[in-house]
Amino acid sequence: MVQAKFSICESHIEFLKNHSQFGFKDKSAMVRLALEELKRKLDLNELIVSAELYSEIYKSDKELIDLTETALSNWPEE
């Protein structure tokens, strides 16, 4: 694993000192999980924004709406 040096505030240091109370074997494991969770949330937000943009484009494109409705009308039902 690669090491990195960064600065954090005192309250974060105090929080990390309690890593074992939260089930982490060390401070690094706690930081890694926090970063993964942040990355997951940011990726999800990016996906939501992208979906909203596609939705706006779809709503304003009559040809695309017609094409989609035609395709759905021929879609097999279960």
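The model is predicted, with local features needing pLDDT of at least 70 and side-chain atom pairs counting only at pLDDT 80 or more, while totals for chains, interfaces and linings use all residues. Residues are numbered from 1 along each chain as its sequence is written, and side-chain values use heavy atoms, leaving out hydrogens and water.

**Helix α2**
- Helices here are DSSP runs (H or I, at least four residues), numbered from the N terminus.
- The end C-alpha atoms of helix α2 (residues 27-59) are 48 Å apart, which agrees with the 48 Å that its 33 residues should span at 1.5 Å a residue, the expected span being 1.5 Å times one less than the number of residues.

**Salt bridges**
- The structure holds 5 salt bridges, each defined as a side-chain nitrogen of Lys or Arg within 4 Å of a carboxyl oxygen of Asp or Glu.
- One of them joins Arg 40 and Glu 37 (2.8 Å, N to O), which are 3 residues apart in helix α2 and thus separated by about one helical turn.
- In helix α3, Asp 66 and Lys 62 lie 4 residues apart, about one turn, and their side chains form a salt bridge at 2.9 Å, N to O.

**Aromatic residues**
- There is 1 aromatic pair, counted when ring centres of Phe, Tyr or Trp (its six-membered ring) lie within 6.5 Å, with planes under 30 degrees apart stacked, over 60 edge-to-face and the rest tilted.
- Phe 15 and Phe 22 have ring centres 5.2 Å apart and planes at 45°, so the pair is tilted.
- Trp 75, in the segment after α3 (62-73), is exposed at 61% relative accessible area, where buried means under 20%, exposed over 50% and partly exposed in between (1.4 Å probe, protein chains only).

How values were computed: Helices (H or I, at least four residues) and strands (E, at least two) are DSSP runs, numbered from the N terminus.
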